[in-house]
Amino acid sequence: MQRTTDFLLVRFSAAQGAMAGLLEAGRKVCEQSPLPMRLHRMAWSRQNHTGYLYASLIDRNLLETEALGPLKAEFERALAGARVLGLSRLENVFERPGFSHAQTPAFHYVVEMDPDTGWMPEIARWYDTEHMPGLAGVPGCVHAMRMLNHDQGPLSLACYDLVTEQTLGSPPWLAVRATAWSDVTRPHFTHTQRSMFEVLA
């Protein structure tokens, strides 16, 4: 099945000592892939030894499911020091520079979830009109983006590039999270995963 694709997400596990070599390998496979792409972000979680590699397609593509097998094999060959856990097509549905867009992010915070049946339209409106613009406007947020994961979900992937981990506990961030609309939508998140990564590239 064709899906609108802006990014590929490679999830992998590896030891911390392998990360420098994996970063360079990830950059090379993006540069050399027959599907034109570039390395957008590689991030690493010390807590669970898991990395996320985002490859940005040069042109938005209607990518077939059948293309994923050869692409995954490319990444598996290149990331020889890691175990590739999955490859997903991501569709970018929201993007905004953050309050601190001129600064270099050190952390990458990701919230992944599946909506309750019938709740995706309301959750999307909340995300795109209140929640993500509000969090993008918090000092310490460099960039905010929300994507749909068309393969190995959860479906919704909201990610925030941050100057510091402490941004999550700051009063402006907590104020955005504590709105009445948030109280309506958040109980309808399922399979929720919240992960903090260190930015490698």
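Eight salt bridges are counted in this predicted model, a salt bridge being a side-chain nitrogen of Lys or Arg within 4 Å of a carboxyl oxygen of Asp or Glu. The model is predicted, so local features need pLDDT of at least 70 and side-chain atom pairs count only at pLDDT 80 or more, while totals for chains, interfaces and linings use all residues. Residues are numbered from 1 along each chain as its sequence is written, and side-chain values use heavy atoms, with hydrogens and water left out.

One of the salt bridges joins arginine 11 to glutamate 112, with the closest N and O atoms 2.4 Å apart. Arginine 11 belongs to strand β1 and glutamate 112 to strand β5 (residues 107-115), so the pair ties together parts that are 101 residues apart in sequence. Helices (H or I, at least four residues) and strands (E, at least two) are DSSP runs, numbered from the N terminus. Arginine 11 is buried at 11% relative accessibility. Glutamate 112 is also buried, at 0%. Here buried means under 20% relative accessible area, exposed means over 50%, and partly exposed lies in between (1.4 Å probe, protein chains only).

Glutamate 122 and arginine 125 meet through their side chains at 2.7 Å, N to O. These two residues are three apart in helix α3 (residues 120-136), and about one helical turn separates them. Glutamate 122 is partly exposed at 23% relative accessibility. Arginine 125 is partly exposed at 44%. The side chains of arginine 146 and aspartate 128 form another salt bridge, at 3.0 Å, N to O. Arginine 146 sits in strand β6 (residues 141-149) and aspartate 128 in helix α3, so this pair ties together parts that are 18 residues apart in sequence. Arginine 146 is buried, with 3% relative accessibility. Aspartate 128 is partly exposed, with a relative accessible area of 24%.

Histidine 131 is another residue of helix α3. Its relative accessibility of 5% counts as buried. Beyond its neighbours within four places in sequence, histidine 131 is in contact with Trp126, Tyr160, Val176, Arg177, Ser182 and Arg186. Contact means heavy atoms within 4.5 Å.

Strand β1 (residues 2-13) is mostly covered, with nine of its twelve residues buried. It runs antiparallel to strand β3 (residues 50-64), and eleven bridges join the two. Two strands pair if DSSP finds at least two bridges between them. Leucine 9 has tyrosine 54 of β3 as its bridge partner. β1 also pairs with strand β4 (residues 83-97), in the antiparallel sense, over seven bridges. Here valine 10 stands opposite leucine 87 of β4.

The largest nonpolar core has 26 residues. Such a core is a set of buried Ala, Val, Leu, Ile, Met, Phe, Trp, Tyr and Cys residues joined through side-chain atoms within 4.5 Å. Leu8, Phe12, Cys30, Met37, Leu53 and Phe75 have the most contacts inside the largest core. At least two residues of this core come from each of β1, α1 (19-32), β2 (37-45), β3, α2 (68-78) and β4. Helix α1 gives the most, with six residues. Phenylalanine 12 touches residues including Met19, Leu22, Met42, Leu53, Val84 and Leu85, with residues up to four places away in sequence not counted. A second, separate core has 22 residues, among them Met120, Ile123, Leu135 and Cys141. In soluble globular proteins, nonpolar side chains tend to be buried together.

Threonine 50 lies in strand β3. It is buried, with a relative accessible area of 14%. Its contacts, leaving aside neighbours within four places in sequence, are Phe12, Ser13, Ala43, Trp44, Ser45 and Phe197. The C-alpha atoms of threonine 50 and methionine 37 are separated by 22 Å, with the two residues 13 apart along the chain.

One cavity of 30 Å³ or more is found in the whole structure. On a 1 Å grid over the protein atoms alone, a cavity is a set of points where a 1.4 Å probe fits but cannot get out, and lining residues have an atom within 4 Å of a point. The largest cavity holds about 90 Å³ of space. Grid points are joined across faces, edges and corners, and the volume is the space filled by probe spheres set on the points. Residues lining the largest cavity include Phe7, His40, Arg41, Tyr54, His143 and Asp161. β2, β6 and β7 (156-162) each supply at least two residues of this lining. The largest share, four residues, comes from β6.

Conventions:
On a 1 Å grid over the protein atoms alone, a cavity is a set of points where a 1.4 Å probe fits but cannot get out, and a pocket is an open set with protein on both sides within 12 Å along at least five of seven lines; lining residues have an atom within 4 Å of a point.
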